[in-house]
Amino acid sequence: MRVAVVQVAVPVPLPRLFDYLPAADESLPPPGSRVLVPFGSRRLVGLVIRQSRVEPNERLKPIERVLDAGLIDAVMLDLFAWCQRYYACPPGEIVNLLLPGALRRVKAFREAPAEYLALTAAGRAADLGRAPRQAQLRDLLEQDICSRKALAERGIGAEIVRRMVDGGLVVLTELPPALPAAAGPPLNPAQRSAVAAILRQRHRYATLLLAGVTGSGKTEVYLTVAQRLLRRGRQVLILVPEIGLTPQLVRRIERRLGCPATVYHSGLSEGERLAAWKAAADGRAQVLVGTRSAVFLPLSNPGLIVVDEEHDGSFKQQDGARYHGRDLAVLRAARLAIPIVLGSATPSLESLNNVELGRYQLLELKERAGGASLPRWRVLDQRGQAGMLGEPLLGAVARHLDEGGQVLLYRNRRGYAPVLICNACGWQADCQRCDAHMTWHQLPPRLQCHHCGAQRPMPPRCPDCGSPGLVPLGAGTERLEDLLKQRFPQVPVYRVDRDAMSGRDDFESLLAEVRDGRPCILVGTQMLAKGHHLPGVTLAAVLDVDQALFSADFRAPERLGQAVHQVAGRAGRAERAGEFLLQTHHPENPLLAALIADGYLAYAGQLLAERQAAGLPPARALALVRAEAHQQGSARDFLRAAARLLAGRNLSVTGPIPAVMSRRSGYWRFQLWLQASERARLVQRIADQLAKLHELPEARRVRWHVDMDPIEI
Ligand SMILES: [Zn+2]
Ligand SMILES: [Zn+2]
């Protein structure tokens, strides 16, 4: 006689669900319920995935308590099952994504009091002539969305707030109150037809790829569509690649749509995340803005999903559940039967391939909004030039500064110099745990490995030959900043990278300073290139493209094209025409020539044809099985055994081969490449063999995982 059980996903890294009996005298909770269960000697919060019947055995334990019956809806449970199978990841990792931290705690989470203040009708009408502090607060609330934190910063204390709440003049709410919506700028014909094309699909699933050159007004397209859907009470979910991009976008949304935008990302406190999650679930939050994990937010009445900068690699999670936020968003839109817009100036080859296959609809914005023109491009031959700042480049910098412009220089290397070398014997400072050089940093002085984080003091002389002649080779952002300050002492030079901008506010306040428009030089890493509006920049330059031209990673040319176009897009936004410079030792390189001659979409089309010819993604599906171990042999042995298990018809298995960085943090890293023309076959094969992979005796000596659709090799 089989007994009824529920299969529960618990937040542990084990590749299976666990069976539980119902709590005493209770019926089985439905799928999607949040439950408290005993797990070994612990108690854990888990999620009921399905009901089932099994042979009775004495190890079966009952659920301790049902915390929320049916909390997660069928669409999200379906997404859960898909994710688990497709990405071959432990179910517990997905529970961590579906439930905010506060809902995974065994002890009930104490919610903080509401954060925002809104005026009541009585508050608006009250005569506050004799209470100037209260009148000041009322004036503020009439103009702006105010949180208790913002008021404290303006010197309005909790006592004033409490008095007004007690008097019924002000109420506390979890969401910021609405403000009148501001009209947007008039749309140009291309924007108008994009809006119309999206709205035509508003009652069904469709993926629309909005490919618009930087400055073409993609955001205005999203917002115009969002406004129409909000009026019908539908929710809009906007995914962005980075937390750093949210404050700008949130302010713009709130001003433009007159409705609060609810933010969801890992930088929030547990309480803030819970409040946002609940507001999304019950529909109070109409506009949601978040990073990749926001794709798992529950929505009560969804109308549109937007993925901004859809090409960005940070939509792919690199540990635990290795999902792609953009791809899951597309799947979710399909299940919800709503449209999804993927926006980018430099779309991924994956999305362009889907356009070619007729799965996605392409909407192009070829011109900049507001009549601004695209920058002129110029290639600077670096051969014969000393270092990264050659005279032709410095001449252009000087000219733009003289004309009152701002200059942006892109160099994707932090630190002072990427290599420290001995002039006498050729010794180089290498990381002892990675297959990599250590970067020389000056502030504070140290050698640091950018892959494992290891640090060492600067050696006073060469450890091999004792010579004092240790010299930096190449230049990172720190050294460029120094050189630029010496050369252009009359203007501020700002460095933008993870070392200089450790706090999120650092970057925000720097941007505010730069936007006042006075001449300055910005030098930095990709942090600088990502979607920030810098209207004063008239000259942008990529200082070195050569490394990407000869990389072992098949995605390098795509990333290069994206970075180059993103940087070029920073130049000349307002009425001033811009200039874009590209430095290289290989001006005749055909890849570079294509990138410069034809614009991004033509360049990407060429890369896509090359990938198709080579049988690489997105033409064929790719999954990696990665393994790492302290002993090279252990990683290889596991992958050889895995290769035997995974081999099958219409599937190619290559390896074990070393990763591009074959040693990191003391681990040797190898991988298997699994490729198939049919993605479904690849997914099926891995799903069929996954349990056996986990049971391999060789698996005990390695750390390993499957990475479906990897973006790093
Ligand atoms: Zn030496
Ligand atoms: Zn290292």
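Keep in mind that the model is predicted.

Sheet first. There are 6 strands in an open sheet. Reading across, the order is β5-β2-β1-β4-β3-β6. The pairing is mixed.

Now the edges. Which strands stand there? They are β5, residues 61-62, and β6, residues 65-68. Each has a single partner strand, so one side of each has no neighbour in the sheet.

Take the β5 end. Its pairing is with β2, residues 18-21. The sense is parallel, and the pair has 2 bridges. To find the spot on screen, go to Tyr20, whose bridge partner in β5 is Lys61.

A helix also packs on this sheet: α2, residues 91-98. Which strands does α2 touch? They are β1, residues 3-9, and β4, residues 42-54. The direction of α2 makes about 70 degrees with that of β1.

On to the helix pair. Two packed helices are described by the angle between their axes and the distance between the axes. Here the partners are α8, residues 218-231, and α9, residues 246-257. The angle is about 50 degrees, and the axes are 11 Å apart. That makes α8 oblique to α9. The crossing is right-handed.

What meets what in this contact? From α8, we have Thr219, Leu223, Ala226, Gln227 and Leu230. From α9, we have Arg252, Ile253, Arg256 and Leu257. By class, the contact has 5 nonpolar, 2 polar and 2 charged residues.

Note on methods:
Residues are numbered from 1 along each chain as its sequence is written. Chains are lettered from A and ligands numbered from 1 in the order in which they are written. This is a predicted model: local features need pLDDT of at least 70, side-chain atom pairs count only at pLDDT 80 or more; totals for chains, interfaces and linings use all residues. Axes are lines fitted to C-alpha atoms, for helices over the stretch in contact, and angles run from 0 to 180 degrees between N-to-C directions. Helices (H or I, at least four residues) and strands (E, at least two) are DSSP runs, numbered from the N terminus. Angles under 35 degrees count as roughly parallel, over 145 as roughly antiparallel, 65 to 115 as roughly perpendicular and the rest as oblique. A crossing is left-handed if the near helix is turned anticlockwise from the far one by less than a right angle, and right-handed if clockwise. Two residues are in contact if their C-beta atoms, placed from the backbone, lie within 7 Å. Ala, Val, Leu, Ile, Met, Phe, Trp, Tyr, Cys and Pro count as nonpolar, Asp, Glu, Lys and Arg as charged, and the others, Gly among them, as polar. Two strands pair if DSSP finds at least two bridges between them.
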